[in-house]
Amino acid sequence: VWRLLQVGRRDPRLPPGPPTTPIVGNALQIPLTGLGKKFHEWAREYGPIYSLKVFSGTMIVLADRRAVHELLDKKGSIYSDRPYLAIPMFLSRGHHMTFEQTTPQWRDKRAVFTRNLNPKNLDEKHFKVQEAESILFLNNLLDHPNQAFDYARLYASSVASILGWGFRAKDFNSFFYKDFYEFVDQFLNAIEPGANPPVEQAPWLWYLPGAWKRRAYRVRDIMDKTWYKARQMVEERRERGDIRNSIIDQKLSEYEKDGWPMSQHSFNMLFGEILEAGADTTANMLLTIILALTKFPEVQAKARKELDEVCGLERTPLFSDFERLPYINCIIKEALRWRPTSDLGIPHRLAKDDWYNGMFFPKDSTVWLATWAIHQDDNEYPDHDRFDPDRFKNHTKLANDYAVGPDWQGRDKFPHPSPPILPLPSPYLVQLLVLLLVLLLVLLLVQLLVQLLVLPIHLHHYGYGAGRRMCPGIHLAERSMWRVTAKLLWAFELEELPDKPLDVNAYTSSNLVRPLEYEVKVKPRSQQHEAVLKKELTGALAFLGQYD
Ligand code: HEM
């Protein structure tokens, strides 16, 4: 009895956390939905690093960016695994790269994403897909101004399905829209942390009947059918000699020639992930951006000033304008900070015992990056609920440049200007160096003071996760959101409808959060803007036709 009562108890060496109940630990306090927000609540109560007990298992929650960097980024070799996630593994029959453990097979699969979706490939090969789809999205908004919601989803699934599978999602009846969303909405609900009994920690719970279990069987069946059908569509077109410029075509040609490194099922699931991980995330963020721009019209005005100076009236913005349109980049960053669609990321598993600041993290702990809690911290982002892209005005590069830097302070804070290098006469070298050093120190001190007094220091966001598991679709996502946001602001004015006020807190509570359905007025800025959109549509449709 004594030993049984120790189950669920918090080892005093662990970080603090909510009081536990014998045997179950904190399992009953974990909400069925909305764990990201709950992590924030607990961080305020127990501090930025705390622990939860679920039966005999341990969860470590990190709402502290120094800890995230020192553990997830710097100790990636032991913090990059995934814990065993029973339901996603059951649904995918053990083959899902996102939820798989860090095996050589996971590495091979991840390489399919990183090699194909790197900046070079995106900017030299795949950019036309995003360009054409974003022009089509805007034209769809012209014709159906009330359907921003559906068309944002259509845009994101079509980009992912063209790149991944060589087929576009042409309309709402297309397989890669209709069948995909019917499946993915159920999939995301089925894998939400808290939505199932903790079978990972108490495997005997699997033998209990329940609606959660019936749902797991149903969703597994739909998942198989969805990705097997997609594969069949690809095989049929390839048999007709229609081999396309897509990742699946490239991999099929390679594997058919050199041999298969994975099972057919695993292959189908991998390509399914391009949509599961890539479409809904991007669409959700675009919906957040539209909501924020409408609710904060001063942001629209500021962006347009920049856009008009650079692009005039003759053309929509292009990604090659990136350097000259820094405010658009700030809008994307602020959206990922303000309402990150993945508000609690995907958990990591600790592969061996570790200590941090006098706290013990046992091997096999499930480690969470509490993204929402970090992003809503008023100390780092004063007035955190205000959508203020200027928070990022000194982060002029894309997210990956900040996310993979070696030093968390240099990575996250304002970069300091490097001193000019002067040719020095040799006899005075030492004195001059000392003088320069003193000058530099004074300069840095002054800059620091100015930053502290005038500009609040803002840190980069964690919208794409951290460490070796960081989102491999980051380059594609950044470019997708940039293109749509720049074009949208160039072409339209977004207004709140007087009888349909927007609520910036009306969000779904699921694995990936998105705004609840809303309606906004999408009005072309002028006839000239409208004419340019229509003119660019002709080329976009001609290009997309090859993916019908
Ligand atoms: C705005 C859009 C996106 C957001 C906010 C986002 C966010 C994230 C986050 C938070 C993670 C978990 C990282 C971690 O475990 O620390 C993740 C993983 C992942 N993302 Fe994304 N993502 C986006 C778009 C995409 C796209 C476009 C793709 C691919 C087409 C993609 C593919 C993946 C995959 C495969 C993983 C799992 C990686 C692994 O476990 O090794 N994502 N993403």
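This report walks through a predicted protein model, from its confidence scores to one of its helices.

## Confidence

The model is predicted: local features need pLDDT of at least 70, side-chain atom pairs count only at pLDDT 80 or more, and totals for chains, interfaces and linings use all residues. Residues are numbered from 1 along each chain as its sequence is written.

The pLDDT is the predictor's confidence in each residue, from 0 to 100. The protein chain averages 92, and 93% of its residues score at least 70. Residues 410-424 are below 50. That stretch still has 19 contacts beyond near neighbours in sequence. A contact means that the C-beta atoms of two residues, placed from the backbone, lie within 7 Å. Where pLDDT is low, the predicted coordinates should not be read in detail. For the complex, the predictor gives an ipTM of 0.99 and a pTM of 0.90.

## Domains

Domain bounds come from an automatic or database domain assignment. Domain 1 covers 2-410 + 460-547, and domain 2 covers 415-453. Their centres, taken over C-alpha atoms, are 42 Å apart.

## The nonpolar core

A residue is buried if 20 or more other C-beta atoms lie within 10 Å of its own, exposed if 12 or fewer, and partly exposed in between; C-beta atoms are placed from the backbone. A nonpolar core joins buried Ala, Val, Leu, Ile, Met, Phe, Trp, Tyr and Cys residues through C-beta atoms within 7 Å.

The largest such core has 134 residues. F39, V61, L62, L286 and A370 touch the most other members. Helix α12 (residues 264-295) gives the most to this core, with 17 residues. Helices (H or I, at least four residues) and strands (E, at least two) are DSSP runs, numbered from the N terminus.

## Helix α2

F39 is one of the buried residues of α2. Others among them are L35, H40 and W42. Beyond four places in sequence, F39 is in contact with residues including V61, L344, W368 and A370. The cover over the buried residues of α2 includes strands β1 (49-54), β2 (57-62) and β6 (366-369), as well as helix α15 (371-375).

After α2 comes G47, with a positive phi near 100°.

## C471

An unreviewed UniProt entry annotates C471 as "binding site". C471 sits in the loop between α18 (429-453) and α19 (474-491). C471 counts as buried because 23 other C-beta atoms lie within 10 Å. Leaving out residues up to four places away in sequence, C471 touches Y464 and G465.

Note on methods:
UniProt positions renumbered as here; feature names shortened; annotations may be inferred.
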